[in-house]
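Open the model in your viewer and get ready to select residues. Each stop tells you what to pick and what is there.

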Amino acid sequence: MTSSQAHNNDDTSNEIDFSGGERGKFYRKDAHTQLPIHLEASVQKALTELANAKGVDLSVLVNDLLKKDIELIQMGR
């Protein structure tokens, strides 16, 4: 079987019609990407316990800690 025969057996069409498409339909100038951050299980557990003890959301605690670390790093420069 040739590659063109294999392609013809594919369930996708050979061409996609974009004639009805709208450029920039989902573009948002002020959009920001929120990166997913993955913590080690032991770190997450410790931070969750601290956040619960302080009565704050985990993300608030983590952001506060990181802001303090950034400030210390910048002071050390």
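This is a predicted model: local features need pLDDT of at least 70, side-chain atom pairs count only at pLDDT 80 or more; totals for chains, interfaces and linings use all residues.

Residues are numbered from 1 along each chain as its sequence is written, and side-chain values use heavy atoms, with hydrogens and water left out.

**Stop 1: helix α2.** Select residues 41-54. Helices are DSSP runs of H or I with at least four residues, numbered from the N terminus. α2 has 14 residues and reaches 20 Å from first C-alpha to last, close to the 20 Å expected at 1.5 Å a residue. That expected span is 1.5 Å times one less than the number of residues. Now click Gly55, which follows α2 and has a positive phi, near 70°.

**Stop 2: the crossing.** Axes are lines fitted to C-alpha atoms over the stretch in contact, with angles from 0 to 180 degrees between N-to-C directions. Show Gln44, Leu47, Thr48, Leu50, Ala51 and Lys54 of α2 with Leu58, Leu61, Val62 and Leu65 of α3: they make the contact (heavy atoms within 4.5 Å).

**Stop 3: the lining.** Which residues line the largest pocket? Select Ile37, Leu39, Leu47, Leu58, Ser59, Val62, Asn63, Leu65, Leu66 and Asp69. A lining residue has an atom within 4 Å of a point of the pocket, an open set on a 1 Å grid where a 1.4 Å probe fits, with protein on both sides within 12 Å along at least five of seven lines. The largest share of this lining, seven residues, comes from α3.

Technical notes:
Helices (H or I, at least four residues) and strands (E, at least two) are DSSP runs, numbered from the N terminus.
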